[in-house]
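Try each task before reading its solution.

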Amino acid sequence: MAQYDDRFDGALYGMLQAHGSDMDFLNTVFGFMQRKTGCFSGPEAEKNFQTLINTFTVQLGELKKARQKKAQGVDEDDEELPQIMSEKVKKDLEEEKKRKEEAAKQAEARKKEVAARQAEKKAKEEAEKAKADQNGAEPKKEEKVEEKKEKKEGDDKEEEEEEEEGTGLKPVENGAVLEKYSWSQQLGELVVVIDAEKLGMQKGQLKAKFLDVDIKKKALKVGVKGKTPIVDGELHQAVKMENCFWTIEDGSKLVLTLEKVNQMEWWKCVMVGDEEINTRKVEPENSSLSDLDGDTRQTVEKMMYDQRQKAAGLPTSDEQKKQDMMKKFMEQHPEMDFSKCKFN
């Protein structure tokens with residue numbers, strides 16, 4: 001079968017889905033050529049038209065050959081796929097062995113780190129005890145009570161800070177690198193990248209005809225035809241199907257671009273059940289603020305301001321607003337004594 005350039009299959013397939021039929025799609029393409037190029041109106045118009053007829057003739061011939069082979073029980077995709085995946089089993093076993101060895105190394109390193117911390121803590125306690133014995137005085141009961149009180153307040157403060165900072169993985173390009181795929185996002189869209197090896201294909205051999213990609217409003221399925229999908233489940237939030245598309249880059253990776261329905265929310269994950277990121281640590285791009293509408297831009301700027309204030313140990317915009325209101329109230333009521341009041 002003739003070799004075709006399949007780099008744009010994802011984009012073209014997305015355009016095709018937006019049309020009512022195949023012929024509507026072709027009318028759009030030819031209309032574009034007529035309006036924006038000299039293909040059908042320039043000096044080479046007659047020659048170009050004849051080339052178009054010849055192209056359709058060749059395509060029809062290829063289709064007949066493919067049907068004939070299929071009738072004989074020969075599937076070209078099935079002929080090529082085993083050759084590409086011939087070394088996959090061996091490679092998977094080697095990668096699995098490496099992953100286990102790396103996990104064992106990390107576990108041993110964590111074990112040593114914990115032991116070192118415990119030893120350091122014990123040495124510090126012994127030094128403090130020796131110093132107390134040398135001074136010959138036991139701390140007073142009042143001092144112990146005050147110390148416990150300060151420790152409790154410190155623990156409470158750490159818990160509050162941890163709650164404010166949120167939980168989850170630290171974002172990488174506002175997304176994450178997971179076992180099956182990596183992803184990144186902006187407020188309006190997110191990009192999912194799946195390497196050929198993760199799909200069971202060799203690098204440089206990935207082609208659109210091998211793939212089964214199905215993008216729905218709240219679901220996504222990605223895999224190799226005839227194989228168990230690598231991704232199959234519910235999306236974290238809804239996407240605009242008509243503006244979603246996928247492409248293959250250098251035969252080495254599948255790239256899916258998904259446009260969000262709600263373009264004012266950061267996603268915690270792509271698929272429900274996958275590891276989540278800490279959206280409180282997402283860093284919006286300054287360069288894209290000018291492209292946002294007024295309400296969205298105001299929300300993003302507030303988020304960025306609050307992040308800078310927290311990093312500097314200063315009050316956020318909401319906290320500052322509360323402090324200003326309290327200050328104004330105190331100025332309006334000088335007869336009241338606020339010296340013993342504790343403000344959070």
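**Exercise 1.** Find how many salt bridges the structure holds.

*Solution.* Start with the rule: a salt bridge is a side-chain nitrogen of Lys or Arg within 4 Å of a carboxyl oxygen of Asp or Glu. By that rule, the structure holds seven. Keep in mind that this is a predicted model, where local features need pLDDT of at least 70, side-chain atom pairs count only at pLDDT 80 or more, and totals for chains, interfaces and linings use all residues. Residues are numbered from 1 along each chain as its sequence is written, and side-chain values use heavy atoms, leaving out hydrogens and water.

**Exercise 2.** Work out which parts of the chain lysine 218 and glutamate 234 link.

*Solution.* First, look at the pair itself: their side chains form a salt bridge, 3.4 Å from N to O. Next, place each partner: lysine 218 sits in the loop between strand 4 (211-215) and strand 5 (219-224), while glutamate 234 belongs to strand 6 (residues 231-234), so the pair links distant parts of the chain, 16 residues apart. Strands here are DSSP runs of E, at least two residues, numbered from the N terminus.

**Exercise 3.** Is lysine 218 buried, partly exposed or exposed?

*Solution.* Recall the cut-offs: buried means under 20% relative accessible area, exposed over 50%, partly exposed in between (1.4 Å probe, protein chains only). Lysine 218 has 31%, and therefore counts as partly exposed.

Conventions
Helix = DSSP H or I, 4+ residues; strand = E, 2+ residues; numbered from the N terminus.
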